[in-house]
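Here is a short briefing on one protein model. Look through the sequence and the structure, then read the notes.

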Amino acid sequence: MRTVDAYNFAGKKALVRVDFNVPLDADYRITDDTRIRAAVPTIQKILNDGGAVILMSHLGRPKAGPEEKYSLRHLVDRLSKEFNTTVKFADDCVGPEAVKLAQDLQPGEILLLENLRFHKAEEKGDAEFARALSTLGDVYVNDAFGTAHREHASTAVIARYFPNDKVMGYVMHAELDNARRVMDNAERPYTAIMGGAKISDKILIIEKLMDRVDNLLIGGGMSYTFVKADGGQIGSSLVEEDKVELASRLIAMAREKGVNLMIPVDSIIADEFSNDANVDTALSHHIKPLWMGLDIGPNAREMYADVIRNSKTILWNGPMGVFEMSNFSVGTEAVAEAVVDATRRGAYSLIGGGDSAAAVNQLGYADRVSYVSTGGGALLEYMEGKTLPGVAAIERDDY
């Protein structure tokens with residue numbers, strides 16, 4: 001893989017695609033800077049070489065052109081403090097101002113471009129938009145793993161304008177290395193923990209893992225589709241009716257392949273989807289009518305923690321319950337603590353982006369697991385065996 005380590009940026013202007021899609025509060029303050037911190041080593045390498053850095057990213061999902069709440073201008077102070085310099089800012093990612101600021105950029109300086117998605121051409125993968133962006137720099141660096149599964153102008157199409165000057169940043173390289181480790185070089189016992197709301201989001205990865213893992217622990221809203229497939233009564237819990245047969249097939253597949261597929265034996269249930277609801281504990285297969293399961297129960301927590309602590313490789317993607325609500329976050333916290341404990345004992349743990357990464361960061365455990373992925377969807381697609389356009393664009397000359 002072509003990485004920044006193989007490139008000397010001295011005297012070069014590096015056009016770096018980062019993933020600065022960070023959460024902002026109502027006052028436009030960054031509430032989680034994980035993605036910014038992740039990109040620092042790549043940016044620092046370019047600066048240390050004697051290069052200049054032009055950063056481009058998206059933020060949020062603006063509907064029609066510029067919106068104040070999605071402006072990357074709100075990140076300038078944070079970046080200026082990080083690199084102890086005045087980060088310059090272009091009010092648009094293309095056009096005369098961006099061109100002039102890029103032309104005038106000196107070695108050691110940083111320029112941040114405005115949100116790429118203020119232009120619909122970005123998500124359309126428009127070649128002319130990609131070409132316009134490409135004129136700003138001498139070398140293209142993709143360090144935005146979180147968007148590597150999108151064939152957008154700045155993540156894939158732009159690379160064709162840098163046939164001999166395109167490399168991966170440290171984040172991209174580390175993400176691929178860690179994903180390959182759990183897919184191809186996992187030490188056993190290997191446990192995958194799959195949570196989240198819908199089984200439909202995880203079908204392909206679950207099928208792929210069946211040939212690799214020893215234990216598959218199911219949690220979150222998707223577990224009730226499995227419970228129903230297993231003949232349980234789930235009250236008004238979340239269920240994908242059209243996926244019950246599939247869940248049944250996955251249960252049979254696990255049995256056939258000797259995989260220990262675990263569905264929560266008990267659940268924390270509520271009479272409405274609210275943190276203020278009446279709460280009770282029930283066997284997952286016997287949830288009262290009009291009540292819904294919103295977290296794994298105490299017995300499930302104990303059983304899952306026991307399996308996790310005895311594992312050598314752990315992949316975790318998706319929370320165990322509605323962890324944003326304090327009354328239903330206990331299962332996710334228990335799993336996080338067990339993963340941390342197993343890692344301390346020598347296990348390798350990969351937290352698969354999205355909500356699981358948010359939970360681990362929120363609990364302050366990020367530096368106590370082996371690796372926290374910055375890209376939920378991209379990681380899943382890569383592990384499903386799909387080609388990621390953002391990766392292929394760097395690796396292949398014909399992309």
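Predicted model: local features only at pLDDT ≥ 70, side-chain atom pairs only at ≥ 80, totals over all residues.

Residues are numbered from 1 along each chain as its sequence is written, and side-chain values use heavy atoms, leaving out hydrogens and water.

**The sheet**
- Six strands form an open sheet in the order β3-β4-β2-β1-β5-β6, with parallel pairing.
- Strands here are DSSP E runs of at least two residues, helices are H or I runs of at least four, and both are numbered from the N terminus.
- Two strands pair if DSSP finds at least two bridges between them.
- β3 (88-90) and β6 (166-168) are the edge strands, and each pairs on one side only.
- Three bridges join β5 (residues 139-142) to β6.
- N142 has M168 in β6 as its bridge partner.

- D19 sits in the loop between β1 and α1 (34-49), while R35 lies in helix α1.
- D19 is buried, at 8% relative accessible area.
- R35 is partly exposed, at 27%.
- Buried means under 20% relative accessible area, exposed over 50%, and partly exposed in between (1.4 Å probe, protein chains only).
- The side chain of R35 reaches the backbone oxygen of N21 at 2.8 Å.

Notes:
Polar contact = N/O pair within 3.5 Å; in protein donor to acceptor, adjacent residues only side chain to side chain.
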